[in-house]
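Please open the model in your viewer and keep the sequence panel beside it. The tour below goes from one selection to the next and says what is to be found at each stop.

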Amino acid sequence: MNHNAIHSINGPVVTVRDSKDFSMQEMVLVGQKRLVGEVISISDSITTIQVYESTTGLRPGEPVEPTGSPICATLAPGILSNIFDGIQRPLREMEALSGAFISEGGDVSALDREKKWEVTLAVKPGDTVKGGQVYASCPETSLITHKALIHPELSGTITWCAPDGAYNIEAPLVKLTDEEGKEHTLSLIQKWPIRTPRPVARRLPITRPLITGQRVIDTLFPIAKGGTAAVPGGFGTGKTMTQHQLAKWCDADIIVYIGCGERGNEMTQVLEEFSHLVDPKSGKALTDRTVLIANTSNMPVAAREASIYTGITLAEYYRDMGYHVAIMADSTSRWAEALREISGRLEEMPAEEGFPAYLPSRLSGFYERAGYMNTLSGSEGSVTIIGAVSPQGSDFSEPVTQNTKRFVRCFWALDKSLAYARHYPAINWINSYSEYLDDLRVWYRENVDPTFTRKRQRLVSLLHEEEKLMEIVKLIGSDVLPDDQKLVIETCRVIRVGLLQQNAYHKDDTYVPMEKQLRMMDVTLYLYDKAKELVSRGAPISSILETGLFDLLIKMKYDIPNDKLEMFDEYRREIELNLAKVYIPEGQDAAQQEI
């Protein structure tokens, strides 16, 4: 009998007794089917292993084989436009082998080892190189050039180079001799442990926004490149829809979409949609710059826990090449539930709501891997993390939302009542915030308009004033309000419906450039200032509303195409002409001026 034999099985948790062959966080192969597992605890007598595949049919006594290395991501050309599960097994290849339902222990290579890539070498014999340096490149897709990087822990002198040409990912390209005289053969493929952040030269200050084309985000609650954001919302509030819009339109070079514990049919819809989408900037298929990690709710929970680490390791790899990468993690609550389930099977002491006590440190470890970096190759790259949170019953006081809030600087709170009123994106402008505004102030001043942040502040102030006024209206009705307060409510209706509500299916409204966002904000505040002036001179609010200007501005998002922004000047003239005709009762104006 094998001395490294399974002693007990409890769901995905397997133990081995009296063995000294395993090390902490080592990848192991469990049972006759050689299921992928990871060592998560070692004591004098018991080694505990977390298995990333279904343990159905596994029996005590079956062998457990150490591999000598931690769980690693395979990094090479072929990652983009692929679909992986949580431990980077390619789902298309798995489907070809086992049909619609994935079998356990399928020994499938993460990437195609036969396909040849047109490689151009960037080094020559005699060159001294260091970790993270680019030594070869090849076009991975029509949009992205893959840069082969020297392993961060390697440095030395190049002794041999292959000629430029077509090679598969395992073909030797370069031979390097390190300082100790040891020779290393480099190919396009390298491995990296998923739980270890890839090293960088240094972190850079965050000063550039990630432009999404979604007004409520870009104008009110911007996120920076290299920043972190949480999108919390209950069932049906549009988390996945919001992340789809960001994945389609944000100005990142590469998107990593992690479907973590979501419903299978929802994930299918994502895959279907993404395969038909066209990248708006290049006109090519969006999948040419997208990686999808699908770990649905009926897949093993342990692999769900690993999926976000796999995703972020792939993101860091492309960041090290000098690309800006955005990660959509949908949803971190399902990931936390996987932690809770495994923790329960390990009989650990539960903390709040049954989650393990280390939930905050795991969340912080994940979000801390975001950042705008100076890479080892000397270029700049960033990883931006946008994590959806699914609190049960939209309760934002539950542990995952509260702990996420501690580690992210952007909070886009989705509101059930807005979603049910068909107001999308359903981001509540009172409960949401962004701490990046001060970091981005200079960028807005230089690239959009010097007055941008001041105008944005006025919009937010009006929305907060409306919130207070609506409390009064609920109690005693709107008739008792003075005209200047009624004007605030009417202007906020334009801001809410005209600016913050956005139609993902309308060609001009699905993505709105920053210049149009500024002009929309500008013309709304112009109408408010002109109307306020008239109200202060005694003009009744009813006669201002009769001009139809407020309804005209609500429809401007559809009526003004993104490439005809000069039409905003006509709107300003329209406001001046119509308000000039507003009747001011005699004596009112003179009385106001005397005051």
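Begin by selecting the six strands that form an open sheet in the order β1-β2-β5-β4-β3-β6, where the pairing is antiparallel; strands here are DSSP runs of E with at least two residues, helices are runs of H or I with at least four, and both are numbered from the N terminus, while two strands pair if DSSP finds at least two bridges between them. The model is a predicted one, in which local features need pLDDT of at least 70 and side-chain atom pairs count only at pLDDT 80 or more, whereas totals for chains, interfaces and linings use all residues. Residues are numbered from 1 along each chain as its sequence is written, and side-chain values use heavy atoms, with hydrogens and water left out.

At the edges of the sheet, colour β1 (6–10) and β6, each of which pairs on one side only. Within the sheet, strand β3 (residues 26–30) and strand β4 (residues 35–42) pair in the antiparallel sense over four bridges, and if you pick V28 you will find its bridge partner, G37, in β4.

Next, move to the loop between β5 (46–51) and β6 (64–70), where T56 is found. Is T56 buried or exposed? With 62% relative accessibility, T56 counts as exposed (exposed is over 50% relative accessible area, buried under 20%, and partly exposed in between, with a 1.4 Å probe and protein chains only). The side chain of T56 makes a polar contact with the side chain of S54 at 3.0 Å, a polar contact being a pair of N or O atoms within 3.5 Å of which, within protein, one must be able to donate a hydrogen and the other to accept it, and residues adjacent in sequence count only if both atoms are side-chain atoms.

Now turn to the aromatic rings, among which a search of the whole structure finds 10 pairs (rings of Phe, Tyr and Trp, the last by its six-membered ring, pair if their centres lie within 6.5 Å; planes under 30 degrees apart count as stacked, over 60 as edge-to-face and the rest as tilted). Select F396 and F411, whose ring centres are 6.1 Å apart and whose planes stand at 85 degrees, so the pair is edge-to-face. F411 is buried, with a relative accessible area of 2%. Finish with Y309, W335, F366 and Y367, which form one aromatic cluster.
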